[in-house]
Amino acid sequence: MYDVAIIGAGVVGCAIARELSKFCGNFCVLEREEDVCCGTSKANSAIIHAGFDAAPGTKKAALNVRGNAMMDALAKDLDIPFRRNGSLVVCTGEEDRGTLKALLARGQKNGVPGLRIAERGELLTMEPNLNDDVICALFAPTGGIVCPFDMTMAFAENACTNGVSFFLNTEVTGIEKKADGYSILTRRTDTKAEDTVDAKIIVNAAGVYADVFHNMVSQSKLHITPRKGEYLLLDKDAGTHVSHTVFQLPSKMGKGVLVTPTVHGNLLVGPTAADVSDREALNTTQAGLDFIAKTACRSVKELPLRQVITSFAGLRAHEDGDDFIIGEAADAPGFIDAAGIESPGLTSAPAIGELVAEIIRKKLSLNENPAFVPVRKGVLRPETLSMEERNRLIAEHPEYGNIICRCEMISEGEIMDAIHRPLGARSLDGVKRRTRAGMGRCQAGFCTPRTMEILEREVPMSIFDITKNGSGGTIIVGQNKEA
Amino acid sequence: MKYYDLVIVGGGPAGLAAAVSARDCGIEDILILERDNELGGILNQCIHNGFGLHTFKEELTGPEYAARFIDQVTERGIDCRLHTMVMDISVDTEAGSFRKKVTAMNRTDGMFEISAAAVILAMGCRERSRGALNIPGFRPAGIFSAGTAQRLVNMEGYMPGREVVILGSGDIGLIMARRMTLEGAKVKVVAELMPYSGGLKRNIVQCLDDFGIPLKLSHTVIDIEGKHRVSAVTIAEVGADRKPIPGTEERYTCDTLLLSCGLIPENELSKGAGIALSPVTSGPIVNDSLETSIEGVFACGNVLHVHDLVDYVSQEAAAAGKHAADYIRHGNKKHAKTVEIRSTDGVRYTVPKYVRPTEMSDTLTVRFRVGDVYKNCSIAVYFDDICVSRRRRPVMAPGEMEQIILEKKKLGEYPDLCSITIRIEK
Amino acid sequence: MSTRELTCIGCPLGCAVTVTLKDGSVTAVTGNTCPRGDTYARKEVTNPTRIVTSTVHVTGGIHPMVNVKTSSDIPKDKIFACMDALKGVRAAAPVRIGDVILSNAAGTGADIIAAGNVPAK
């Protein structure tokens, strides 16, 4: 019997798991994918929002501002790549100045520090590639950029180190109420083996599926609409086209198309916002990609769209009430939702973790975990070392001298680190999210066979079982010259 | 810091031929840096035959062609460091602005610096990826560049799929259509965005027609299905604007999509060094000695511009080796007059882009590609406004390199020459 | 009388060549622009042949596979028989260019020879 079972190993589930691991208890996380960070958390704008966007008084507003404030300490403790590059919401016509001022007022009411409106003259010194018709912008110095993979991995690895159990490839198929909690019916996505997990408390952090699980136990129904966001990712050569995160004034369908550097030096453009019915519809569309290219030019000029290296889509979990749903379901004691977590969900995740853990601590009267380790080291990045340090490292571990991914200059040592760390990588995408091997301009053309060899040797696992992202999606289907 | 006269970045066909040539021109102190664990580069995975007809007057497989140059390098005792990645190239300020600093790394030596009098860039090219092609759809396993699939099948012995759709009719795509078929896969269709194939006629006949594989010109992939592994691909016909025509969609169930949609010279090191690149070729801009915008740094092979035949790579690399040797011995004639070669009317670019009439060799081969299929047209060469040659060609296509020869003697007859223009004329 | 439509592979022009046959012998070749088209078409309809290149597994080498080719061109309709004959063949390292891997493949009279070097591990 677990004290708490968390459904979903996205950034919210993992942030909650990490906060819970500060207390003594028996906690687990159930995730249907083969890795953490496989849903909404892996495909979003990778932004730490300042917090001027959400309506004052909403959970979104409060948790955004709190989450943003927590990021400096978290990034330090958990070794998460994070930079406060500042964000701009650009205004392209005098008629919209009122809307921008309203946004300023809203942000101030939400408690966003340092907000102000900057005029064109100043803006051009901050961001020379802004479009010619930009007249002014809301400047939010606390806006930042983060690696969402690293952020989720950091929470998960640290939670794992502090004793939380993670069950990957484990799908929840049903929930039954028991006298002292819940019985969760599960099925392995790889072996199809069925099992049950008993827990006093369930945390529902299931992203676009959160309404499904909520509605299994509660009569007060939720309804989540997957809202698709498509993105274009540009080569690092284009990474300095802007230095701030450049938003357009929000519209009814969301925040519009943003242009932002990523924390790894690429340029990210997107997202679209289209409601879809299929919770698995992670496909990009021609219309979507065309829309991004067209719309992005409204705020930033001369976008080098020839330098696109990949496009991707994510699904935000939009709940009908338009706010985060966090707390115990009224008619299902011990079932705690962290649902409807759409933007600014990534930013809010640390604060959601804190909030949900506090609810559970009170409910179960948990004691502090005296053995809690608050720090986690990310995958060692040799590029951050001096030549002398790097050579000492290679002398001790020659794998760090062997470059596997030539676009991102990722060594065999880093890939081995990704495989052997807590909740280590077992797929090509798992390696990619932890190390960036395969994330560069050739998009894994050269390193795929070599990364497969390393997985085969280090896990160890059969080369025929190596997948891109789990569930039978193997890279190779057999040997040639088979009889 | 180690010192060499000449450092060659890349041990593929270009690097090998450059090394042999530089040694034969008297440069003793040469180092080849190769990132793979063997010499030969991409030729090692090109197991089909047809290489070397110009160079050796016989048809060889890629590994056989490579082996002949590797033997020449070995016979000459040229230093090679394998499994070594070049991280950076810069001008070595400590040694004066003439030497270049090459920073490289491997398992045994760690990260180390080499000072070189001259550097030859021979890093080759990479394939255009799905992302760069902006193909919408899902992102499952089963989408490979043709070259990645070629490596898996030919070198590792693995099958990347059973039912295959190929986008792009460049030679690698055609070769892989046959290769996968011979290994038991079903290649359902080859789609080509352009109204003509970028591949050799011989490959269309012997790789597609021989096996009844349809080639659909003016078609592209508009959707990829499958969450974890490709399950289907939809192609559609494109109009003159190369945009899909609604209503022409055809869906193919398959587990694999191979992409053979063009090659891009790999010039990250060149960019890092501050070398000027051509927006057309994505390779360095060079003069008649194949010298880049940085003195003493030369380029050859597919890093300079994508070639159709390896024989031409070897020829060009031999020239680069010779010119690097000249530079090492005699330095650079900095103030020599330079004439630009302009490419217009169907000529997309030329390599080289600049020629120095007083410094050039007796003859200079200028290579280029055309932007469309031209039948019964001429390649015309103008010295300023004067047409100095016009050569009839029954057919020219973007997939094949064209060339003209410039003679030093002839250029000498035009002392006031400002520019040379190469164009296609009816 | 019968006709065969071919694409000449002599140059990028790719002439559509029509070959007329009577009792298995060529009576006319049309559509070609140059003599190469004629020669190609006659050979292709009467005795089409190909060099086959492939790979076989290697034991004890630094690579798992070695590339091979037929020592001469073989009849086109023997390509798959030749591929079948390579299944299960294993070459022991070291393998050198020119080594005979399989004699008289699929009864074609051509040998399968190594076209790459694989040193022993």
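Trainee: How many residues does the contact take from chain A and from chain C?

Mentor: In this predicted model, chain A contributes 5 residues to the contact and chain C contributes 8 residues.

Trainee: How is the size of such an interface expressed?

Mentor: It is often given as the accessible area that is lost when the parts come together. Between chain A and chain C, about 470 Å² is buried, and carbon and sulfur atoms give 53% of that area.

Trainee: Which polar features and how many salt bridges are counted between chain A and chain C?

Mentor: There are 0 salt bridges between chain A and chain C. The interface of these two chains does hold 3 residue pairs in polar contact, both residues of a pair being at pLDDT 80 or more.

Trainee: How should I read a pair of aromatic rings?

Mentor: Two quantities describe such a pair: the distance of the centres and the angle of the planes. Over all chains, the count comes to 11 aromatic pairs. One of them joins A:Y182 and A:F335, with 6.2 Å from centre to centre and 70 degrees between the planes, an edge-to-face arrangement.

Trainee: Which parts of chain A does the pair of A:Y182 and A:F335 tie together?

Mentor: A:Y182 belongs to strand β11 (residues 181–188) and A:F335 to strand β20 (residues 335–339), so the pair connects parts that are 153 residues apart in sequence. Both A:Y182 and A:F335 are buried.

Trainee: Why is the pair of B:F383 and B:Y414 called edge-to-face?

Mentor: The ring planes of B:F383 and B:Y414 stand at 90 degrees, with the centres 5.0 Å apart, so the pair is edge-to-face. Distant parts of chain B are linked here: B:F383 is in strand β25 (residues 374–383), while B:Y414 is in the loop between α10 (408–412) and β28 (419–425), 31 residues apart. B:F383 is buried at 1% relative accessibility, whereas B:Y414 is partly exposed at 21%.

Trainee: Where do the charged ends of B:R68 and B:R423 sit?

Mentor: The charged end of B:R68 is over the ring of B:F56, 4.9 Å from the ring centre. B:F56 also forms one aromatic cluster with B:Y65 and B:F69. The charged end of B:R423 is over the ring of B:Y382, at 5.0 Å from its centre.

Trainee: Is A:R421 buried or exposed, and what does its side chain reach?

Mentor: A:R421 has 10% relative accessibility and therefore counts as buried. This residue lies in the loop between α10 (412–420) and α11 (428–435) of chain A. The side chain of A:R421 reaches the backbone oxygen of A:K377 at 3.1 Å. Leaving aside residues up to four places away in sequence, A:R421 touches A:E157, A:R376, A:K377, A:G378 and A:V379.

How values were computed: Residues are numbered from 1 along each chain as its sequence is written. Chains are lettered from A and ligands numbered from 1 in the order in which they are written. Side-chain values use heavy atoms; hydrogens and water are left out. Rings of Phe, Tyr and Trp (its six-membered ring) pair if their centres lie within 6.5 Å; planes under 30 degrees apart count as stacked, over 60 as edge-to-face and the rest as tilted. Helices (H or I, at least four residues) and strands (E, at least two) are DSSP runs, numbered from the N terminus. Buried means under 20% relative accessible area, exposed over 50%, partly exposed in between (1.4 Å probe, protein chains only). A charge sits over a ring if NZ of Lys or CZ of Arg is within 6 Å of the ring centre and within 35 degrees of the ring normal. Contact means heavy atoms within 4.5 Å. Buried area is the accessible area (1.4 Å probe) that two parts lose on being put together, summed over both. A salt bridge is a side-chain nitrogen of Lys or Arg within 4 Å of a carboxyl oxygen of Asp or Glu. A polar contact is a pair of N or O atoms within 3.5 Å; within protein, one must be able to donate a hydrogen and the other to accept it, and residues adjacent in sequence count only if both atoms are side-chain atoms.
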